[in-house]
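Trainee: I am new to this one. Could we go through its aromatic rings together?

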Amino acid sequence: MPDNENPTEFALDLIRELEDTPAGARELVEFNKSWQKRTITYKPTIAYGEKQPLSLKEAIAASISRGKLVSGATDVSTGSASSVQKFANPWWIEMGVLTKRSFTNTKRQPELFIIRLGAVLVTGFILATIFWRLDNSPKGVQERLGFFAIAMSTMFYTCADALPIFLQERYIFMRETAYNAYRRSSYVISNAIVGFPPLVFLSFAFALTTFFAVGLAGGVSGFMFFVAIVLASFWAGSGFVTFLSGVVTHVMLGYPVVVSTLAYFLLFSGFFITRDRIPKYWLWFHYLSLVKYPYEAVMQNEFSDPNKCFVRGVQMFDNTPLGALPEVLKLKVLKAIGSSIGVNLNADTCITTGTDFIQQQAVTDLTKWDCLWITIAWGFLFRILFYICLLLGSKNKRR
């Protein structure tokens, strides 16, 4: 036994290591037998008032009665290792304890949530003032697309603060799970439970700051869907960052991975280049992009009304060389185009509706509800991957 080592912990470590070997604890048993044979000739007398030393079986039974051990088999000499419970508590008790501990740790550091809320509110305020009351002109449509792209990607970037949480707890987690103090699944679920309520608060804060100030469509139902997709984005983003915290081993390694990956997600989301224009050898990344689904969801939430017009009459010349012509000449050109195709075109004729614009942006493969459920599913998938990382990367044994 090493110097200054606790005898009890040393014995537990040794027994645990032997349990993982093919021979099990047989070597320790044989050593105990040989040690007893060597010391059998020495039998100290027991003075009056001293307690009789207990046998191994009696000591284990006494420990079980005091609640220090788990009763595995009725007969210690013939009991198998498989009869002993692997975990001391059921999973719901583990989740309760871990959830309470995680909530306590979160409550002790309120500045983390305050900083995150401040970042969301400041970002929402800036977006609301820049994209204040967008109109339904062609320029207003393009500005809406810019707002959606920045807003949805912001949800994921603000989740980067979750990266250091597990990295700071990694040593504690490895130490506590080394001897099955609790299940890894209980740890993952408890962290998800504690982390979800702040996401709800942040989603409503961002939606209230931006939705009505920008002048988005849909009314109350549109606002509630906007809150839902923002919440789903927070959920998926926090799951993605949590998964990365289980892969990387240092914060300085994790942040470049998070920032660069989210930049790639935005690049392939369909904002800079539409889906039908992405090369086929990169199309797979488009469907892996976390920003794609919330971006397309809010677009359909905004432009799904076929009765809402976004380009009328001479507005079709905006952003073209003919846009610099006087209004009178634009009307003459518009009438000439109408007469050539046999359609009466005037200044009030609707050229492009919301559904037409969605088709132009190639946002036709999924509905907004499909995008919402897929975004939520991403959050669950990343937490499952995080659990797998913990399962594969924390099979340590204390030495």
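**Aromatic rings**

Mentor: Let's begin with two residues. This is a predicted model. Trp378 is buried, and Phe382 is buried too.

Trainee: How are the rings of Trp378 and Phe382 arranged: stacked or edge-to-face?

Mentor: Look at the planes. They stand at 20°, with the ring centres 5.5 Å apart. Planes under 30 degrees apart count as stacked. The pair is therefore stacked.

Trainee: What separates Trp378 and Phe382 along helix α15?

Mentor: Count along the helix. Trp378 and Phe382 are four residues apart in helix α15, so the separation is about one helical turn.

Trainee: Which kind of pair do Phe240 and Phe382 form?

Mentor: Both residues are buried. Their ring centres lie 5.3 Å apart, with 70° between the planes. Over 60 counts as edge-to-face. So the pair of Phe240 and Phe382 is edge-to-face.

Trainee: How many residues apart in sequence are the parts that this pair ties together?

Mentor: Place each ring first. Phe240 lies in helix α9 (residues 219-247), and Phe382 lies in helix α15 (residues 368-393). The pair therefore ties together parts whose distance in sequence is 142 residues.

Trainee: Which ring does the charged end of Arg133 sit over?

Mentor: Find the charged end of Arg133. It is 5.7 Å from the centre of a ring. That ring belongs to Trp132.

Terms used
Residues numbered from 1 in each chain as written. Predicted model: local features only at pLDDT ≥ 70, side-chain atom pairs only at ≥ 80, totals over all residues. Heavy atoms only, no water. Phe/Tyr/Trp six-rings, centres within 6.5 Å; stacked < 30°, edge-to-face > 60°. Helix = DSSP H or I, 4+ residues; strand = E, 2+ residues; numbered from the N terminus. Buried < 20%, exposed > 50% of the residue type's maximum accessible area, 1.4 Å probe, protein only. Lys NZ or Arg CZ within 6 Å of the ring centre and 35° of its normal.
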